[in-house]
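Here are some notes for a colleague who has not looked at this structure before. Please read them with the structure open.

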Amino acid sequence: MKTVTGSHGIVTAPHHLAAQAGCDVLKDGGTAVEACVAVAAALTVVYPHMTGIGGDGFWVIREPDGCVHGIHGCGGAAAKADLALYDGLDVVPNRGPLAANTVAGTISAWQAALEDESCKLPLERLLRDAIRYAEEGVAVTAGGAGIAAAKGDELRVQPGAYSQIFEPEGRPLAEGDVLRQPQLAATLRKLAANGLDDFYRGELAALIGEDLAALGSPVSHEDLTAHYPSRPAPLHVPITGARLYNSAPPTQGFASLMILALFDRLQAEAADGFDHVHGLVEATKQAFLLRDVHVGDPAYTDYDFQFLLDDSQALNSLAAKIDPARALPWPQPPQWGDTCWFGAADGEGRVVSCIQSTYFEFGSGLVLPQTGITWQNRGSSFRLAESGWNALKPGRKPFHTLNPALAVFDDGRVMAYGTMGGEGQPQTQAALFSRYARFGVDLQEAITAPRWLLGRTWGEQSTTLKLEDGFDEALYTALAEAGHDVERVGPLTSTMGHAGAVVRLADGSFEGATDPRSDGGVAAW
């Protein structure tokens with residue numbers, strides 16, 4: 001794979017049809033924001049195991065005038081989602097009605113993004129390709145088929161329309177089979193005709209409320225009506241040659257910024273050498289220690305995240321805790337989650353970094369019969385406790401692994417980048433950004449090159465340092481000798497995320513890259 005270039009605009013997404021849908025919007029005169037709405041809608045249809053309009057979404061947008069702002073489409077826990085609802089349980093279930101306990105905020109983020117006066121294309125145009133793919137069908141990818149087969153036993157038993165839509169012949173859809181989603185197509189048509197607010201306060205909201213109630217979810221029509229997006233300023237931190245931006249809590253954007261800010265203070269001579277990998281892994285540990293204590297719904301903490309990022313002396317002190325030769329023991333429990341990151345840049349100078357998720361693959365497993373919406377299980381991460389970090393309370397927003405990254409370079413480049421991968425998101429962001437920005441590696445190679453992940457992956461309990469094949473053999477030995485619990489996971493694997501990046505260069509041209517671990521594509525013109 002090669003880095004894709006363009007002269008008018010560029011889009012990257014973890015499915016090639018979604019990337020093309022976004023690029024076609026740019027060609028029709030749309031902005032990068034409008035392109036990302038088209039991408040997000042298409043991903044709902046062609047990548048339903050990873051994202052959908054029944055989940056949450058976060059945006060970081062850099063405007064042509066240099067302003068950087070954020071949008072959070074993040075739903076809170078239902079009014080009925082209190083400790084009494086889970087009486088007798090130790091944890092919130094991962095699947096089923098009790099896992100579907102938060103409002104889906106994705107559509108509200110689209111609505112907020114499109115309020116900008118530069119967005120002039122009709123909603124019908126932005127949702128056009130997604131509607132067509134839902135009605136006519138789309139070929140199932142190898143990755144999608146693999147997940148459907150692996151998770152079928154726990155999904156088909158859930159109430160709702162999962163089996164009807166995703167196993168129409170009584171078996172999981174295989175690679176190359178055509179997935180048709182007529183109910184979802186009708187839902188997208190309603191949104192195009194009635195407006196995005198229909199999801200929360202209109203005809204569609206009534207249908208969603210009816211389905212959720214019938215399936216046993218605590219989320220009510222009243223919860224939908226009460227939901228609105230928010231616009232917290234993105235967190236930011238300067239490093240050598242650039243200023244980095246990421247989303248504010250309840251996301252782990254703070255950790256992503258911390259990792260790169262700490263690594264900026266460490267010595268490293270070459271990409272993927274011991275100092276590079278060890279340094280980023282140890283910076284990750286310091287960032288996660290802070291994240292796991294403080295990051296969550298900002299209404300439940302008075303921690304000043306931006307103050308720490310602005311305090312160079314405090315960052316120097318944290319970096320000084322990193323031993324350049326030895327690994328800090330790491331028993332910390334990590335976070336799960338699967339996600340879709342995508343990005344776009346347009347000819348006016350706008351660069352957008354977006355991320356959406358239903359949390360686990362196919363979320364809670366509840367597929368709403370009247371609308372075809374797969375509802376998220378983000379609230380399964382809540383703790384069943386009276387107080388403390390991420391404790392379940394009605395209206396509270398859960399901790400989010402999601403975080404869209406953006407960098408503004410001193411030389412005029414603007415870069416949007418990100419990945420799926422839960423616990424691995426900040427680590428993959430750090431790997432690809434440091435390769436590209438610090439060591440001058442080609443953008444596509446920075447994403448394609450082997451990666452690592454500290455902590456637990458989907459379905460695994462180990463907190464090892466997992467590395468793909470392809471590094472210099474001496475690196476594996478050196479990391480183990482330094483005290484890292486090294487686990488080799490073989491060839492490139494989606495365990496390491498589905499990353500992507502777009503860059504608007506100082507001369508106004510573009511470059512973009514996608515991940516060979518995904519079904520992604522880059523579309524430019």
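How many residues of H12 are buried?

1. The model is a predicted one. In it, 11 of the 11 residues of H12 are buried, so this helix is largely enclosed by the rest of the structure. The buried residues include Gly253 and Ser256 as well as Phe254, Leu257 and Met258.

2. Helix H12 covers residues 253-263 and packs against helix H13, residues 274-294. Their axes lie 8 Å apart, at an angle of about 140 degrees. Angles over 145 degrees count as roughly antiparallel, and H12 and H13 are therefore oblique to each other. The crossing of the two helices is right-handed.

3. On the H12 side, the contact is made by Phe254, Ala255, Met258, Ile259, Leu262 and Phe263. H13 contributes residues including Asp275, His276, Leu280, Phe288 and Arg291. Sorted by class, the contact of H12 with H13 has 11 nonpolar, four polar and two charged residues.

4. Strand E7, residues 235-239, has two faces. Leu235, Val237 and Ile239 make up the covered face, while His236 and Pro238 are on the uncovered one.

5. E7 is joined by five bridges to strand E8, residues 242-246, and the two strands run antiparallel. His236, from the uncovered face of E7, has Tyr245 of E8 as its bridge partner.

6. The two strands form a hairpin, with two residues between E7 and E8. In the turn, Gly241 has a positive phi of about 85 degrees.

Terms used:
Residues numbered from 1 in each chain as written. Predicted model: local features only at pLDDT ≥ 70, side-chain atom pairs only at ≥ 80, totals over all residues. Heavy atoms only, no water. Buried < 20%, exposed > 50% of the residue type's maximum accessible area, 1.4 Å probe, protein only. Helix = DSSP H or I, 4+ residues; strand = E, 2+ residues; numbered from the N terminus. Pairing = 2+ DSSP bridges. Axes fitted to C-alpha atoms, helices over the stretch in contact; angles between N-to-C directions. Parallel < 35°, antiparallel > 145°, perpendicular 65-115°, else oblique. Left-handed = near helix turned anticlockwise from the far one by under 90°. Contact = heavy atoms within 4.5 Å. Nonpolar A, V, L, I, M, F, W, Y, C, P; charged D, E, K, R; others polar.
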